[in-house]
Every structure is written in structure tokens, then in C-alpha cells.
Amino acid sequence: MNEVILHHYAISPFSEKVRRVLAYKEIPWRAVEQPMMAPKPDLIPLTGGYRRIPVMQIGADVYCDTALIIRRLETLFPDRPVLPAVNGGLATIIEDWADHRVFMHAVPPVVSALADALPNGFFEDRGAMTPGFDKEALIASAPLALEQTKHDLNYLEDQLRGGVFLLGDTFSVADAACFHVVNFLLNDPTNEALLSSRPAVGAWLTRIREFGDGDVQALSAEDALAIARDAAPTDIEGESVSAIGYTIGDEVTIVADDYGVETSIGEVTRILENEIVINRHDDIVGNVAVHYPRAGYRVSVV
């Protein structure tokens, strides 16, 4: 099997979600540093348009969205599972709550606090992904968003009081999803005070940080593209299920249904219950299989 390559950047919160899983499961991985803002010339040849971070690459198979990335890791590396056999559905519900509702509460207070330190063009870049995302609107929404964040932290405190992790004694995808948001909050040092009255959350945060960075080595973007070019997709087998509006062989576009207008286009080669795989060709990397979850994405026949 080709090695796991994660295209990320250091302060990316959703990359941290996957990095915690890699560290916990003790999976060796290669790190490709991608820019925070567009353009991303060393990422788009792999995805065809999708620009969110992180993206996982294994040879010529490319995985978009952390939910799908983690589930592929679970299949390839079943030891130290993060998708529990009992309460697996609950873990996914918490993951979705953290990745969407809780994260969107955390963004305005953190980004507004750091606004002056962000690189030039940041708000324009994110505004191109999310209509209405601008500095003034974000600052105006920060007080209410911080109040909602405090409620989210209270829920976590209630769940963690007397426990080690959110679903018991074992780390799961629910912990990874909630951790990346709480960790993101602490980019604004004033938010450290939020943990002083929530000691269970603070202790849980420390436990997960103690996983460390894991077995990671840097890889250049050029080398990652060469790996894709010299490989062929392998994760393309499996009996497809029926889908509404598209089928195997259709040329489709895929775009997120919440934010981000960047679209991938390719030929459908596999449809699973919550995964769609498209084949696409790029002059730089040749043929690649791009994998998306179906939940959270719009698929349209060209």
C-alpha cells in the first residue's frame, strides 16, 4: 500500500482533527504543506477544484472531507479504532454537530480577535468561498457567537465530567471533531479563561494533546504530485448502490452544500451508501480517483 499523505497547513483546524486520529492510531504519514489561501496550484491537479484543507492522498486515490478521510483510515488501519462498534451512530452525530454548528460558533470570536494578524487578502479569500464572510460582519457577530460557544463547552463539560473521553474510556471520532474546535478557540489566548470553569474539558484537551505529533515526515508538494502521476487508483472496486439522479459512467459535478463554490468534475466510477468516486484526468498527475462523501455534497449530472 502507498503511504498516507496529508495535504494540510499547521493552523488548519480540520487538519488537526485528522492529525489527532493519525497520532492516536499510530499511523505513519507524510505531510505536504499547502497554502492557507488560493491559489493552490499543487492541490488542484489532485482534486480538480476542491480547495478545502485537508486532503488525503494515497497513491492516485484522493480523499476529500475529514469525515471520509477518517473512515478510509479506519478501513486501512483497523487497530485502535475511532469508530466504535457500540455508539458508532452517536459518535457520527457528535462529529457532525462539532464540525458544523460548534465550529461555526467558534469562527467569529477567534477570527475577529486575530483579524489584524491574518495575512493580507484573507477575508477576500474566505469571502469568495462563503458569501457574506467579511471582516465587519464577523466582528459584529462575534459576541453572540462566543455566547453560543460557551453553551457548547458546557455540553462538553457535562458529558466529560467523570469520564475520560466523550463516549467512555476510548478516544473516538467524536473526540477528534470536538477537540479541533476547542483547540482552535485557544488561538485567541483570552479564551483560555473558558476552560478554568470547565476543568473536565481542560483535562480532556490535555489528554488528547499528549498523543503528540505521531510518526510524520515532511514531503514536498512536487514529490506528492509525482507519486500520484506514477501510480494508478486502487480504491475503486466494490458493488455500487443506486443513487437518485446519477449513475455509473455519468459525468458529474460535485460541490459542498454549505460553503465553498469550488467544483470537481469527473466520471462516476463507484457509488457507495455515503461515498461517490469520480475518475478525472489532469495533465500534471494523469488519472486520479477523487473520493467524496455523499452527505454534505451536491452531485449533478453535466
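1. Arg80 and the ring of Tyr24. The charged end of Arg80 sits over the ring of Tyr24, 4.2 Å from its centre. (A charge sits over a ring if NZ of Lys or CZ of Arg is within 6 Å of the ring centre and within 35 degrees of the ring normal.) Arg80 lies in the loop between helix H3 (66-76) and H4. Helices (H or I, at least four residues) and strands (E, at least two) are DSSP runs, numbered from the N terminus. Arg80 is partly exposed, at 37% relative accessibility. Here buried means under 20% relative accessible area, exposed over 50%, and partly exposed in between, with a 1.4 Å probe and protein chains only.

2. Basis of these remarks. This is a predicted model: local features need pLDDT of at least 70, side-chain atom pairs count only at pLDDT 80 or more, and totals for chains, interfaces and linings use all residues. Residues are numbered from 1 along each chain as its sequence is written, and side-chain values use heavy atoms, with hydrogens and water left out.

3. Arg80 is not a glycine, yet its phi is positive, about 50°. Asn87 also has a positive phi, near 70°. Asn87 is in the loop between H3 and H4 and is partly exposed, with a relative accessible area of 40%. Most residues other than glycine have a negative phi, and most peptide bonds are trans. The bond from Ala38 to Pro39 is cis, with omega near 5°. Pro39 lies in the loop between strand E2 (29-33) and helix H2 (44-47). The bond from Ile53 to Pro54 is cis too, with omega near 10°. Pro54 is in the loop between H2 and strand E3 (55-58).

4. Aromatic pairs. The whole structure holds 13 aromatic pairs. Rings of Phe, Tyr and Trp (its six-membered ring) pair if their centres lie within 6.5 Å; planes under 30 degrees apart count as stacked, over 60 as edge-to-face and the rest as tilted. Phe122 and Phe133 make an edge-to-face pair, 6.4 Å centre to centre with 70° between the planes. Phe122 lies in helix H5 (residues 122-129) and Phe133 in the loop between H5 and helix H6 (135-160), so the pair ties together parts 11 residues apart in sequence. Both Phe122 and Phe133 are buried. Elsewhere, ring pairs link Tyr24, Phe165, Phe171 and Phe211 into a cluster.

5. Asp99 in H4. Asp99 lies in helix H4 (residues 88-113). Asp99 is buried, at 9% relative accessible area. Which side chain does the side chain of Asp99 meet in a polar contact? The partner is His180, at 3.0 Å. (A polar contact is a pair of N or O atoms within 3.5 Å; within protein, one must be able to donate a hydrogen and the other to accept it, and residues adjacent in sequence count only if both atoms are side-chain atoms.)

6. Ser172 and Leu146. Ser172 lies in the loop between H6 and helix H7 (173-185). Ser172 is buried, at 2% relative accessibility. Leu146, in helix H6, is partly exposed at 22%. Leaving out residues up to four places away in sequence, Leu146 touches Pro109, Asn191 and Leu194. Contact means heavy atoms within 4.5 Å.

7. Helix H9. Buried residues in H9 (residues 199-209) include Ala200, Val201 and Trp204. The buried residues of H9 pack against helix H1 (13-25), H6, H7 and helix H8 (193-196).
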